[in-house]
Amino acid sequence: MIDGILIGLGTALTPINILFVLTGCLVGTFIGMLPGLGPMSAIALMIPVAASLEPATGIILMAAVYYGAIFGGSTSSILINAPGVASTVATSFDGYPMAKQGKAGKALAIAAYSSFSGGVIAAVFLLVAAPFLAAVSLSFHSADYFALMVLGLTAVAAFAGKGDVLKALLMTVIGLMLSTVGTDQTQGVPRFTLGLIDLTDGISFLLLVMATFALSEALMAILKPSGDDKRQQEMEASSNLGSMRVSKEEVREMTPVIGRSSILGFIIGVLPGAGATIASFLAYGTEQRIAGPEKGKLFGKGSIRGLSAPETANNAAATGSFVPLLTLGIPGSGTTAIMLGALIGYGIQPGPRLYVDQPAVFWSVIVSMWIGNIVLLVLNLPLIPYIAKILAIPSRFLLPLILFFSLIGVYFVSFNTFDIQLMVLFGLAAVVFRFLDFPMAPMILGFILGGMMEENLRRALLINNDSWSFIWQRPLTLAILLIAASCLFAPIVWSRIQRLRKGADRAGEGG
Amino acid sequence: MLFSKDRIGGVLLLAFCITYGVLSQNITLLPIQAKAAFTARTMPEVLMVLGIGLSLLVILFPGSHERPRLAGFNWTTAALFMVLMSAYGLTIRPLGFLLSTSVFLIAGFAMLGERSVTKLLLVSVPLVVAFWVLMTQGLDVFIEPLPWFLKG
């Protein structure tokens with residue numbers, strides 16, 4: 001492991017990589033701060049730039065953008081109560097009241113220290129867990145991988161909101177369907193190309209991500225303007241950030257919260273499909289319960305614990321979601337799904353072999369997480385008053401620019417104008433389905449895992465003489481598929497039990 | 001509610017899945033694969049069944065009965081942006097990067113309410129030129145800057 005860390009340090013600490021960590025954190029903070037644009041859009045916008053870089057540098061850049069975007073999201077949550085991303089919604093519960101009390105600087109500092117601690121502690125967990133899991137997963141067969149991908153996709157549904165399970169599953173299937181467009185990898189047969197040569201290579205992953213996130217988010221903002229005037233008024237109100245100093249007592253209050261939320265966030269992040277949003281809400285709820293009645297009352301009114309818990313947990317979860325990506329090649333979240341696509345674009349296959357074949361990429365990603373967190377704390381925090389000025393840029397200038405960067409990002413990769421038209425079409429479809437409250441992230445997960453899933457299933461059948469018996473003959477495959485089934489059916493069974501219990505209680509009261 | 005958001009989405013995706021299923025039957029198979037357990041059609045056929053099944057479940061058991069509200073949205077502006085993006089795709093080659101992108105940005109800013117001609121020009125043109133210089137000189141990505149009639 002020491003050798004690995006040294007490799008990682010050697011790669012991540014080269015001047016060019018440090019420069020890209022700095023740039024990534026800064027750009028990520030900028031983009032994450034814009035209401036409506038989250039880490040997924042931020043990373044998607046970076047892919048064309050990352051594609052022209054060395055794999056390790058490109059991944060380091062995207063990882064830095066990821067943390068930067070989460071940090072930026074927290075800033076807009078605290079300053080103007082407009083979370084850039086779902087994972088920082090819980091941050092606004094106590095961060096915004098603190099800002100209104102004239103303690104915006106302190107709230108930002110607490111958020112930054114908590115994010116830093118959560119990220120660093122989780123990176124230590126990742127350092128231990130990833131090589132161990134990678135070593136274990138070296139014994140996995142194609143059948144197990146197929147089962148793992150089924151688990152990854154069904155887990156998305158398990159963590160979807162109430163009533164959204166079916167929609168999440170359906171969107172996953174749509175993503176899988178889109179992944180089958182193009183020439184079949186094994187038999188060279190064109191599928192769903194509609195006779196168009198431009199579709200022979202399939203739908204570009206970057207195109208789909210840009211269209212469904214950056215483009216459609218900008219179009220949604222055009223459809224329903226949030227009002228620049230209000231945003232500017234809020235900015236003026238919070239232009240005086242106040243002191244950024246955190247007292248010893250406050251540090252003492254934050255420390256146990258950070259410890260608990262880091263562990264919770266990391267575990268939630270490792271679970272496929274869960275991610276930073278669930279981690280932040282869970283940490284907030286847990287701390288409110290632990291705080292007791294007196295301190296619990298302060299939650300929602302500017303509680304330090306209430307701000308520190310979700311900030312720590314969302315960063316720890318962001319780090320945790322790299323575990324399944326780096327060790328199994330299965331993304332734990334929409335954001336890591338985009339990173340997986342980028343890795344595949346470099347010709348790197350994430351999974352247990354990554355640890356052996358590409359140690360520089362593997363370790364430099366882990367080490368860059370520490371560097372990224374340090375950059376956010378040392379550089380971005382003091383710069384926040386200046387970076388926050390971006391919130392005052394009118395959306396009439398910002399939105400066309402976001403559209404332009406999305407379109408040109410895709411065009412610069414293929415130099416094919418057909419891609420721009422296809423992107424507009426997907427953008428339109430994404431707007432329609434967002435408007436109808438259908439989730440987009442499961443579709444991206446399905447799209448990215450589709451090709452690998454088909455290949456592993458085909459290989460498993462080939463090894464097993466065209467027999468599907470591998471599903472129940474290999475205990476590991478069966479166990480993973482059973483977990484997937486329980487992920488899928490547990491929420492349904494649980495809601496049935498709850499309903500039956502309520503019915504029994506009512507009958508008891510009536511009797 | 002008959003026309004809830006979930007149901008409308010379910011119907012749209014059901015239509016997509018049926019079309020996908022019909023098109024999956026056009027995938028040509030080699031004669032030797034006729035009896036193979038896994039062919040180029042296997043995955044699409046499984047997905048078609050899953051897709052149609054799930055769409056029907058969404059239609060029959062919608063999670064929410066909320067109806068879509070169309071009022072209060074800038075539909076015209078959003079539609080115009082769609083047209084603008086498509087036009088940008090069609091003109092980027094014949095008009096060159098500098099002109100087509102400047103026109104795209106100026107039209108975009110104007111459509112969202114910017115009326116000052118000075119601001120429109122000062123924000124868009126320098127940005128487009130700077131971006132082109134950065135891409136061609138900084139990242140070695142060449143893109144034709146000028147329209148067809150000015151090319152040498």
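**Two helices in chain A**

Guide: H1(A) and H18(A) are roughly perpendicular to each other, a term for angles of 65 to 115 degrees. The model is predicted: local features need pLDDT of at least 70, side-chain atom pairs count only at pLDDT 80 or more, and totals for chains, interfaces and linings use all residues. Residues are numbered from 1 along each chain as its sequence is written, while chains are lettered from A and ligands numbered from 1 in the order in which they are written.

Helix H1 covers residues 2-12 of chain A and helix H18 covers residues 359-387; they pack at about 75 degrees with axes 7 Å apart. Helices here are DSSP runs (H or I, at least four residues), and strands are E runs of at least two, numbered from the N terminus. Axes are lines fitted to C-alpha atoms, for helices over the stretch in contact, and angles run from 0 to 180 degrees between N-to-C directions.

Residues are in contact if their C-beta atoms, placed from the backbone, lie within 7 Å. On H1(A) the contact includes Gly4(A), Ile5(A) and Gly8(A), and on H18(A) it includes Trp363(A), Val367(A) and Ile371(A). By class there are 10 nonpolar, five polar and no charged residues. Nonpolar means Ala, Val, Leu, Ile, Met, Phe, Trp, Tyr, Cys and Pro; charged means Asp, Glu, Lys and Arg; the others, Gly among them, are polar.

Elsewhere, 50 residues of chain B are in contact with 46 residues of chain A. The chain B side divides into 33 nonpolar, 13 polar and four charged residues.

Methods. Angles under 35 degrees count as roughly parallel, over 145 as roughly antiparallel, 65 to 115 as roughly perpendicular and the rest as oblique. Two residues are in contact if their C-beta atoms, placed from the backbone, lie within 7 Å.
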